[in-house]
Amino acid sequence: MTFKEQILEGIPNILPQPQAFDTSINHAPKRKNILTAEEKRLALRNALRYFDASQHAELIEEFKAELETYGRIYMYRLRPAYKMYARPLADYPAKSKQAAAIMLMIQNNLDYAVAQHPHELITYGGNGAVFSNWAQYRLTMKYLAEMNDEQTLVMYSGHPMGLFPSHKDAPRVVVTNGMMIPNYSKPDDWEKFNALGVTQYGQMTAGSYMYIGPQGIVHGTTITVLNGFRKIKKSPKGHIFVTSGLGGMSGAQPKAGNISGCITVCAEVNEKAVHTRHSQGWVDEVISDVNTLVTRIKEAQANQETVSIAYHGNVVDVWETFDKEQIQIDLGSDQTSLHNPWAGGYYPVGVGFDEANTMMAENPELFKEKVQETLRRHAEAINKHTAKGTYFFDYGNAFLLEASRAGADIMADNGIDFKYPSYVQDIMGPMCFDYGFGPFRWVCTSGKPEDLAKTDAIACKVLETIKTNSPKKIQQQMADNIQWIKGAQENKLVVGSQARILYADAEGRMKIAEAFNEAIKNGDIGEVVLGRDHHDVSGTDSPYRETSNIYDGSRFTADMAIHNVIGDSFRGATWVSIHNGGGVGWGEVINGGFGMVLDGTKDASRRLKSMLFWDVNNGIARRSWARNEEAVFAIKRAMEAEPNLKVTLPNQVDDNLINAI
């Protein structure tokens, strides 16, 4: 069968033969055995409903074995035989060009070069899934191939609910992931309901089909590292940034360190993740002996090198050894998946990788004990370095939150706040999000590198034009992004689809998108998919990350993310998504995203102006109401530019009046 025929087939009438377990692929760890005997029967009943009753007897033992062996029913037998990657738009069997673009984005999320655990349909973060099983993938792709521009596909936590009548300006797909009743959002609730096959963790851009490989976070990490060094008034050259995590999004750290010009040490316990990033050129060197690492770092310091080193081992060993060897760490952080601490997001020191994977499944209580013990050691080592001048920040991955729950010494004197700031509090919030700057991204659906180069040039020209008249307050942002896009080609950031990302405000996003649409209309480039990371101005309510610099008491509310996705859906987004749990953990955040297809038409021009303006200014309005000075400046500027925008502004209260109470 051809690729198109396999897509149109969906779930086959004649089952394919079982497939051997491929040990060369990076697989998800075994999940804990959390279901009761009766719940296991329910999980099997749920899985078998995708198949004709005549196939149940053949599949039930196989699915039972998967559930017992891996803790989930992935339906490996249904994994397609064709190669998984983002094909040119014309290669997809589709009646709707918008639907074909979504198919492209789904396959990009599952590309072996992009996905962390591709056979388990997990893109990044240890549990950030596109689908829960391969039947869902096959059925979704079939629906997308069949749909027209007056239908909407409804996605229910990985399950394609079906095609519903709508209209051409409605989203082609509406995605929800993990939207639990609040009292059922504890970590073990995810384990249970995911094992039952009724919900999933979509992370941020995995379950919304908008992940573009580590590039998606390289730019934000680069900005963070550059501004981190600016904050401590040091040049990156010859200075050290220590962090950990090379899987999924965290794999961007060494590349960002190189672009920033510092010495980066990034620890990772998973050898396959280390190999992947090294083979892709995202990290320069690999060292597995901590004493060899010490020697190499001293050499790099002496020569003021720009170099990134993957340490294959536990980051706690790095922090402790560097303390003993008196190696000055200038910037420190951690980007392991601590939103997922008990299922492979963070590994205990002194325990081998394979041994730890066995322990987390077979003795989860001991594994948790070891992880929390490691967190306490980790924090203790960090405290020793910060006492000597290291600037440490939480990377929004719940490191400080989980360390606090483990009883680590990371609380401030008031017993409420953490000793160390979130990078959003110190850097991204006041310097980026409050001004409306966030991760705007696009994908060239032709798959042609030359189209990506053309879009880079278009975006750069637009930003340079805007910069000539932009206020002084955002000049540094404009300069950083122009420098970034000019170096994008030489930094070889593409993994998977021909995609790019930069930080822009509403004006920049709209003008870049309009210039793309014009280029498509003129036949200069093929269609383009617009999107963003959910880690942005408006899309995410996350009290320990995206909204950690909201100080009016509302950072634990999630109205903004819900408003954002509702507003995007009726202003012209091609697809919209809303998730529980992205980035910092199940039950800790609500986040929303979108995708938009530009096809060179007047309709696309109308939609992009309406939707992109709202997508940014919704968040600035909320941030300004929280009395964030930079956001008040930004929303006033937006109201001057758009007469139909009228936002409620806060009145300031005299501190002396409040303090006298």
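Q: Two strands pair if DSSP finds at least two bridges between them. With that in mind, how many bridges join β6 to strand β10?

A: Two bridges join them, and the strands run parallel. Keep in mind that this is a predicted model. β10 covers residues 331-332, and its glycine 332 stands opposite valine 242.

Q: Which way do β6 and strand β7 run, parallel or antiparallel?

A: Parallel, with five bridges between β6 and β7, the latter being residues 263-268.

Q: Let's zoom out. How many helices and strands does the protein chain have?

A: The chain has 22 helices and 17 strands. Its radius of gyration is 24 Å, close to the 26 Å from the globule rule for 661 residues, so the chain is as compact as a globular protein of that length.

Q: What does the C-alpha trace span along its principal axes?

A: About 70 × 60 × 55 Å. Of the 661 residues, 62% count as buried.

Q: What share of the contacts with a separation of 6 or more comes from residues 24 or more positions apart?

A: Such residues account for 71% of those contacts in the protein chain.

Q: Good to know. Now the packing: how many residues does the largest nonpolar core have, and which have the most contacts inside it?

A: The largest nonpolar core has 140 residues, and those with the most contacts inside it are Phe51, Ile106, Tyr137, Tyr209, Trp442, Leu502 and Leu530. Another core lies apart from it, with 45 residues that include Val349, Met360, Val371 and Ala408.

Q: You mentioned Trp442. Which residue is the bridge partner of tryptophan 442 in β13?

A: Arginine 500 is its partner there. Strand β12 (residues 438-444) has seven of its seven residues buried, and it pairs with β13 (residues 499-504) in the antiparallel sense over six bridges.

Q: How many bridges join β12 to strand β14?

A: Five, again with the two strands antiparallel; β14 is residues 528-532. Valine 443 has valine 529 of β14 as its bridge partner.

Q: Switching to rings: how many aromatic pairs does a search of the whole structure find?

A: The search finds 25 aromatic pairs. One of them joins phenylalanine 418 and tyrosine 544, with 6.1 Å centre to centre and 40° between the planes, a tilted arrangement. The two residues are 126 residues apart: phenylalanine 418 is in the loop between α14 (399-405) and α15 (423-431), while tyrosine 544 is in the loop between β15 (540-541) and α19 (559-570).

Q: Why does phenylalanine 418 count as partly exposed?

A: Because its relative accessible area is 21%, and buried means under 20%. Tyrosine 544 is also partly exposed, at 28%.

Q: Why is the pair of phenylalanine 440 and tryptophan 442 called tilted?

A: Their planes are at 50°, with the ring centres 6.0 Å apart, and angles under 30 degrees count as stacked while those over 60 count as edge-to-face, so the pair falls in between. Both phenylalanine 440 and tryptophan 442 are buried.

Q: Which residues do ring pairs link into a cluster?

A: Phe21, Tyr70, Tyr74 and Tyr76.

Q: And what sits over the ring of tyrosine 544?

A: The charged end of arginine 555, at 5.5 Å from the ring centre. Elsewhere, arginine 87 lies over the face of phenylalanine 3, 3.9 Å from that ring's centre.

Q: Last one: where does glycine 539 lie?

A: In the loop between β14 and β15. Glycine 539 is buried, with a relative accessible area of 0%.

Q: Which residues does glycine 539 touch, not counting residues up to four places away in sequence?

A: Glycine 539 touches Arg532, His534, Ala561, Asn564, Ile590, Asn591 and Gly592. As for leucine 645, it is 106 residues from glycine 539 in sequence and 19 Å from it in space, C-alpha to C-alpha.

Note on methods: Residues are numbered from 1 along each chain as its sequence is written. This is a predicted model: local features need pLDDT of at least 70, side-chain atom pairs count only at pLDDT 80 or more; totals for chains, interfaces and linings use all residues. Side-chain values use heavy atoms; hydrogens and water are left out. Buried means under 20% relative accessible area, exposed over 50%, partly exposed in between (1.4 Å probe, protein chains only). Helices (H or I, at least four residues) and strands (E, at least two) are DSSP runs, numbered from the N terminus. A nonpolar core is a set of buried Ala, Val, Leu, Ile, Met, Phe, Trp, Tyr and Cys residues joined through side-chain atoms within 4.5 Å. Rings of Phe, Tyr and Trp (its six-membered ring) pair if their centres lie within 6.5 Å; planes under 30 degrees apart count as stacked, over 60 as edge-to-face and the rest as tilted. A charge sits over a ring if NZ of Lys or CZ of Arg is within 6 Å of the ring centre and within 35 degrees of the ring normal. The radius of gyration is taken over C-alpha atoms; the globule rule is 2.2 Å times the number of residues to the power 0.38. Contact means heavy atoms within 4.5 Å.
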